[in-house]
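Welcome! Take a moment to look at the model below, and then we can walk through it together, topic by topic.

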Amino acid sequence: MTMEWIRFGVAACFLVTGLFFQVLAVFGVNRFKRTLNRMHAAAMGDTLGILFVLLGLIVMRGFSMDSLKLFLVVAFFWIASPVSGHMISRLEAMTDENMGELTIIHRETDSGEEEGEAK
């Protein structure tokens, strides 16, 4: 009985950690402005979130054929996600004309002038 509660607690920790990474990925995808930054947030959330959620399910279910199937799903995601992310980032890098330009942000002072200007 105690071992079942320990297994449930460990599985719950894995599930909550996985959901945490998924929620962070959602905020990262919506917050970042550049496509490559958004892809990085999505890829990290995808990889870590799915890993921890499926690990939680494996621990909850116990080690059986179901666990092997869940492990194979994790392996498939780890193989497919970086490849698809790399292909999308190469497409973005080849088609975005403004990618090599640096964005310079000038901070305004209290007097309303920009910091880099002469007074």
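**How two helices cross**

The crossing of helices α1 and α2 is left-handed, a word used when the near helix is turned anticlockwise from the far one by less than a right angle (right-handed if clockwise). Please keep in mind that this is a predicted model, in which local features need pLDDT of at least 70 and side-chain atom pairs count only at pLDDT 80 or more, while totals for chains, interfaces and linings use all residues. Residues are numbered from 1 along each chain as its sequence is written, and side-chain values use heavy atoms, with hydrogens and water left out.

**The overall plan**

- The chain has three helices and zero strands; helices (H or I, at least four residues) and strands (E, at least two) are DSSP runs, numbered from the N terminus.
- Reading along the sequence gives the pattern α-α-α.
- Of the chain's 119 residues, 18% count as buried, where buried means under 20% relative accessible area, exposed means over 50%, and partly exposed is in between (1.4 Å probe, protein chains only).

**The α1 and α2 pair**

- Two packed helices are described by the angle between their axes and the distance between the axes.
- For α1 and α2, the axes come within 7 Å and cross at roughly 165°; axes are lines fitted to C-alpha atoms, for helices over the stretch in contact, with angles from 0 to 180 degrees between N-to-C directions.

- Ala11 sits in helix α1 and counts as buried, at 0% relative accessibility.
- Asn37 belongs to helix α2 and is partly exposed, with 37% relative accessibility. Asn37 and Ser89 are 52 residues apart in sequence, with 10.0 Å between their C-alpha atoms.

**A nonpolar patch on the surface**

- Met1, Trp5, Phe8, Leu57 and Met60 form a nonpolar patch on the surface, and together they have about 580 Å² of accessible area.
- Patches are made of residues with over 30% relative accessible area and no salt bridge, joining like charges within 9 Å and nonpolar side chains (Val, Leu, Ile, Met, Phe, Trp, Tyr) within 5 Å. The areas come from the Shrake-Rupley method with a 1.4 Å probe, and for residues only the protein chains shown count as cover.
- Helices α1 (2-31) and α2 (35-61) each supply at least two residues of this patch.
- Phe8 is placed in helix α1 and counts as partly exposed, at 46% relative accessibility.

**A charged pair**

- Side chains of opposite charge can pair when their charged atoms come close.
- The structure holds one salt bridge, meaning a side-chain nitrogen of Lys or Arg within 4 Å of a carboxyl oxygen of Asp or Glu.
- Here the side chains of Asp66 and Arg61 meet, at 2.7 Å from N to O.
- Asp66 is partly exposed, with a relative accessible area of 29%, whereas Arg61 is exposed, with 56%.
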